[in-house]
Amino acid sequence: MRAPLLPLLALCAAGAVAGPRSVSLRGNWRVRSGNGSLQLPGTVPGCVHSALLQQGLIQDPYYRFNDLDYRWISWDNWTYSKEFKIPFDLSKWQKVILIFEGVDTVAEILLNNVTIGKTDNMFKRYSFDITKVARDVSSVEVRFQSAVLHAAQRSAAHTGYPVPPSCPPPVQKGECHVNFIRKEQCSFSWDWGPSFPTQGIWKDVRIEAYSICHLNYFTFTPVYDSPAQEWTVATESYFDVVGSKPVGGQALLAIPGLHTQQTYSIELQPGERMVRLFVKINKNITVETWWPRGHGNQTGYNMTILFKLDGGLNIEKSAKVYFRTVELIEEPIKGSPGLSFYFKINGLPIFLKGSNWIPADSFQDRVTPDLLRRLVQSAADANMNALRVWGGGVYEPEEFYRLCDELGIMIWQDFMFACALYPVDQDFVDSVRGEVAYQIRRLKPHPSIIMWSGNNENEAALMRNWYQISSRDLNTYVSDYVTLYVKNIREVVLEEDKSRPFVTSSPTNGAETIAEGWLSSDPYSKYYGDVHFYDYVSDCWNWTVFPKARFVSEYGYQSWPSFSTLEKVSRKEDWSYDSQFSLHRQHHAGGNSEMLHQAKLHFRLPQSPDPLRIFKDTIYLTQVMQAQCVKTETEFYRRSRSELVAAEGHTMGALYWQLNDIWQAPSWASLEYGGKWKMLHYFARHFFAPLLPIGFEDGDVFHVYGVSDLHSDHNVTLTVRVHAWGSLEPLCSRVTGPFVMKAGEAVGLYEEPVSALLGRCGGCTRESCVVTFYLAADREPLSSVNYHFLSSLKEAVGLPKAQITANISQQGDTFIFDLETSAVAPFVWLDVGSIPGRFSDNGFLMTEKTRTVLFYPWESTSKRELESSFHVTSLTDVY
């Protein structure tokens, strides 16, 4: 649904009262610095940084060390101004309002030199009555205060007790006290992103004029009555009735695709009023439900509502309505303490497979619909069915959620609070209540959103005492936490939307957290709720280090983005792993060392007399390490779906950290800034596949599990092959089965002592051989080929340097890469530099002489461009 909350058009009968008029103030504005020394054109929607860049007054803010060099921009107090002519006679309308869909963040608004209001929350819509101030030719000014200075002032004014953390860690090179301002929290810096506390009008701004009555916005929620087996659409229409008399009329609500139409009589009292209407769908009509990706269609129905009001005023709105149910199941599990934690969609348990979403850019005006589609489509193309919109960013625009509706991507939606404690002054709490109510009304028509979550990691921060709070002061902070997330945010959620579950935090123990008074003594318990898990020291190939939890909503490892991505924001002197640039770009303490530590456990570090070659090879190796680590961990979570081991298990969600990048830097992302796929994202296509064989060792026994997200049972066979590193022909192959691969389960299919496996395969050793395996039916593969390494690859014996060639041809808009190798090659990486697009597969283990891979360009390119940009790397190339 494109715009459930946008103002509505009015249709006027002949001779009736004039309908509303709207004037957009988007486009050209003037921007000036605090002392007036800089005056320049600016664009709305936009921000000061973008205006300065467009005028050539600054470089790309992401270039090299510009995040430090341009701090002065965020410290200044900027003003946006515009003169405009209203193209209609204002005297014909009873009321005129000025609407800002988004102001970033602290500002005073003046119209014709008269203050009409103030803003202090980036996440709210502001509407100001300008009836007595507006003129045919008017001027508007938005006088911003630096968010950095405002946050510092609010913190200083909070004298009773500190509200930590005061500042981010020094490695993040950020600004302080972001928890005192209702602004994108990561804009003051994060461990994967820069500090760019923007100022500007970041969403639409317009003037609306109307008489008698105006529909400010319209929202709705489909609700299923299970006992009655009946769907109802509950609509809410928010009106502003001008004048002192009630306004009567009729409302006609229609869903033609469901043969549903209903008429209601309404009477609106003067002032701001909300009208709730309910339309029941005849239970004899088949309603096609919305399903997550991989589980069914994303069917929606067109819905219209027409208000025929006194004075001949007609107001009509159309939207798309989707029908689906969501339940968060927390119930006892036989043989295990604690409770389950999983989602049922339309009554079916769904394993959530996906990642965590962060803002796609520090400057929201650069986040275009095309970029959003590229990123969300990439999630879908990697077999993801879920994304968690993380609580330190922004509530994303309509286009993002519309894409998720269309592609079947479920959304775990955090409210925008992250990794901090927060004040509970009355004005702060009032602002938050308005923010939450507005965002729920805006977003709740989207079926993709399956849960609201109060914050990111704040329960854990308090109960794990991240901020060294003394025991005598703890009750104060516990009280503040409950005040903000339970007595206010949760209360507003329950008022606005009872159709989805709500949890106070992530990670949380869910029902157990509630039972313990809204803060659990162990928010990371494996027996309740969701967990976040990070361990950069232990060997990531050792699956026993991972938590066999109910739901894992964050986990991951860092890697560097590709050289072609870094090259755009750096220069030659920066191109080494220990350069000042490389240290500056790393915002996670010790991150560069941790990547090398993890890589050295299983791979040889690059060796070359060429420093640039070493840098590129190290980048490649960090991506290999990240992809293999997250593969091992995700496969562990997926195979833990149906089993309990030592009372732990029944894992029903794996959302790795993180999907996308905010700039060009090392991070946990699988998509680089702009959308280029890292090796991890190609791996995700396989480890999130609907049917997957997973191999692992336990006590020197090799096991293969089969994991199915399918809705029906399948008869399958398992083929297990052993290759020597030195031969493209398998040494041995065994087909087992058939097995019944149960729908929606993970089951053991195969086990064999490693010694027996090696013994029957021509005297293989762990170091000289590799195992591959796949599922098939009627001799046709049903799954991709998976693999299991029997030793660290730095100890591999007989692994030659592979000579890999590619012949490129074109078929329609797709390019075909026919590959040929001279030897078995692990982690074959195909790269075409900065040419936008993705391959059908990449980073793979090549055990056959030839292989065909497709390239899907995102923009127009040619065979010649691809040939000149193409480079292939496999593991032994870096030695």
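Visitor: Which residue in β11 is the bridge partner of T79?

Guide: Two strands pair if DSSP finds at least two bridges between them; helices (H or I, at least four residues) and strands (E, at least two) are DSSP runs, numbered from the N terminus. Here the partner of T79 in β11 is R143. Seven bridges link β5 with β11 (residues 137–144), in the antiparallel sense. This is a predicted model, where local features need pLDDT of at least 70 and side-chain atom pairs count only at pLDDT 80 or more, while totals for chains, interfaces and linings use all residues. Residues are numbered from 1 along each chain as its sequence is written, and side-chain values use heavy atoms, leaving out hydrogens and water.

Visitor: How many bridges join β3 to β5?

Guide: Three, and β3 (residues 27–32) runs antiparallel to β5. Within β5, S81 is the bridge partner of R30.

Visitor: Is β5 mostly covered or mostly uncovered?

Guide: Buried means under 20% relative accessible area, exposed over 50%, partly exposed in between (1.4 Å probe, protein chains only). In β5 (residues 79–85), five of the seven residues are buried, so the strand is mostly covered.

Visitor: Where does S579 lie, and what does its side chain reach?

Guide: S579 sits in the loop between α11 (563–566) and α12 (580–585). It is buried, at 7% relative accessible area. A polar contact is a pair of N or O atoms within 3.5 Å; within protein, one must be able to donate a hydrogen and the other to accept it, and residues adjacent in sequence count only if both atoms are side-chain atoms. The S579 side chain reaches the backbone oxygen of D574 at 2.8 Å.
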